[in-house]
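Let's take a walk through a protein model together, one piece at a time. Have the structure open and follow along.

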There are 2 protein chains.
Amino acid sequence: MAKLRGNAVIGQSGGPTVVINQSLAGIVRASKVRGQIGKILGAKNGVRGMLEGKFIELQDIFDNTLEAVAQTPSSALGSTRDKPDEEYCRKILEVFRKNDIRYFFYIGGNDSASTAYILNSLSSKVGYELRTVHVPKTIDNDLAVTDHCPGYGSAARFVALALMGDNLDNKSLPGVKIDVIMGRHAGWLTAASRLARQEPDDGPHLIYVPEVPVSMQQFVNDVFRVYQEFGRCVVAVSEGIRDTDGELWAKKAQALLEQDAHGNVTLSGTGVLADFLVAEIRKHKPHIKRLRGDTFGYLQRCFPGVVSETDAQEAYLVGRDAAVFASERGKDGSVAIKRLSNGDGTYKIETFMTSLESVAAKTKELPQEFCDKAGEIKEAFLDYARPLVGKLPKCGRLF
Amino acid sequence: MAKLRGNAVIGQSGGPTVVINQSLAGIVRASKVRGQIGKILGAKNGVRGMLEGKFIELQDIFDNTLEAVAQTPSSALGSTRDKPDEEYCRKILEVFRKNDIRYFFYIGGNDSASTAYILNSLSSKVGYELRTVHVPKTIDNDLAVTDHCPGYGSAARFVALALMGDNLDNKSLPGVKIDVIMGRHAGWLTAASRLARQEPDDGPHLIYVPEVPVSMQQFVNDVFRVYQEFGRCVVAVSEGIRDTDGELWAKKAQALLEQDAHGNVTLSGTGVLADFLVAEIRKHKPHIKRLRGDTFGYLQRCFPGVVSETDAQEAYLVGRDAAVFASERGKDGSVAIKRLSNGDGTYKIETFMTSLESVAAKTKELPQEFCDKAGEIKEAFLDYARPLVGKLPKCGRLF
């Protein structure tokens, strides 16, 4: 098979992560050494830059610059929330044709996989040969097929550390503390708070995820039960927590909420849900003294230095392999991770290509083996998550 | 002078920090080797434990346990918000007398210095010889006399890193982002966000502290001016930000606010202020697209691993020197830090004792040389803060 010759374009899309530039570096390094790839164009702000022809040439980038970028949080090329339709993609293809772009790498979540799928289908239809590879990235860890998603391990590490610190804070000044964590549809990130628990009386004492709805009555009762047992209660709640009628609790608390460009309710970047939950507890249990709610917000996805080494390495790997699969094996698809072994020091993975269709617009929720009851995350989740998050500090205590 | 013989008590008070247990370890280690000190009693939950006689014996603690505790965030002995009056202190003295406690070490902020002052005056009045030392601790950095406060450097490091990440996040998905940072009366912690700015277009583009009031009109205009220049705007705001009429902006936004036991408005542990500021900007500039507000909340004071090495060392030092000053030199007072030199690699400090009265219930605000205009922190602050916070990562960028 003759290798496809032409230029490459790389885009980054959706919410940034602390390791998303590792994937960029992986693609650039692996593409640079392949003779069939000419220019390596970084599109500014994802598909938006492809549409408008805003590119940064990366084929001659200095290695130390690329390394500095790789270690810097958030999309170095800029990102976008644009979700292109076929018409939008048709225009992008024109720009690709004009710039002889034959390799398209898109780093992002399931929306980005959809974009890649539309563009790939369209290029086939019009007979423009284009290698299309989606490179997985999301702190939400909710992509289908892959065992886990680059970006998740580091954000999960942030959440685990944050809850570890918050549990100690709450232990020193007892009360009820509600922490709202990102995760609109899936509770993977919130579940990671479970890693913070080192002793039986440690928080988070309760963990609520979107997969298992909870009524306000039960929520308040759960909190009060723990408060009576330990004299305090730390609660981790997904921003996507739902009532038993299926409605978002955030929607019920929405006085100040806005809707984003896609008609989604804005869940992050507002403290409304946490304040609402605190107010509900205060209403039903007015004698509980210290009641506080924090919303972790954007800190959890881009905090410099709070990085899982495994996550950083894997983010690089999926980028590198995207370029290898596309250029050497002529494959389109989404790079996925398969876990080969787990447990003490035996954690090992390999990458493979899955179809764009199998990832596009799909969401992978927490399975029942990890969570089947409101307020609890099961032990099995810990085995899954520990290698991704990396070693956590052991807390010292006097009582 | 004959050395005072007896037992020692240590308490921790107020909001915890990530290095407060270093001070505890410093006191314990230095006390253990002094023959005139018998038992070393850790009081559970500060003065509350002293009142109720709830002590943990620390004189025989294993060194590796103490080291693990020293490296763990948040008050290992538990904390309290109690602010004892003379009657409360009289009862504590009875407990001291019963337990032959002759050394009283209290790790905390200016409220703790007040407690130490009251207890010290009372013990003199009733002729009970008691060495009383206040050991400084506060992320707010607002204690009088001392150059800076243990606990500040690490919290300031958290804030600087958080803003560094948030600036990159905002650069990738441009919009207006408001970050609310702890600091009721003084803007030291919020000012530390200035350290995040590495390039002229980096955020935080605007920084508001309690010392320099700002009208909503000017706030909105400032944000809009930056947004027009850079297409985005990252704002760091103290929770104690005030209107030009002297009123807290948080008070104006207070629908969900509660008052704590001392009649203070609760500023942390609620997203109300951030949501209010976002709503104000939306009201006046409805065409600005991505508008978000995050409240850093309790994360900034107890995050495991985000520690300034200098801060950790100094927290240990003030603890150790408290024990040395009290037991060897027979001194009462508050341990303070004097900066002997600064600048590239020349940063050096020494500790000294200042009177309890000079620290009790006083607040040190940001001086005009660091901030004299709403929205700006001056260069001079960076020289002050850099050695306390430690080296920060350098961000890589492609544009």
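We start with one facing pair: B:Ala8 stands opposite B:Ile40 in strand β2 of chain B. Strands here are DSSP runs (E, at least two residues) and helices are too (H or I, at least four), numbered from the N terminus. This is a predicted model, where local features need pLDDT of at least 70 and side-chain atom pairs count only at pLDDT 80 or more, while totals for chains, interfaces and linings use all residues. Residues are numbered from 1 along each chain as its sequence is written, chains are lettered from A and ligands numbered from 1 in the order in which they are written, and side-chain values use heavy atoms, leaving out hydrogens and water.

Four bridges link β1 (residues 6-12) with β2 (residues 37-43) in chain B, and the two run parallel. Strands count as paired if DSSP finds at least two bridges between them.

Now turn to chain A, where helices α4 (residues 86-98) and α5 (residues 110-126) pack at an angle of about 65°, their axes 10 Å apart. Axes are lines fitted to C-alpha atoms, for helices over the stretch in contact, and angles run from 0 to 180 degrees between N-to-C directions. Contact means heavy atoms within 4.5 Å. Among the residues that meet are A:Phe96 from α4(A) and A:Leu122 from α5(A).
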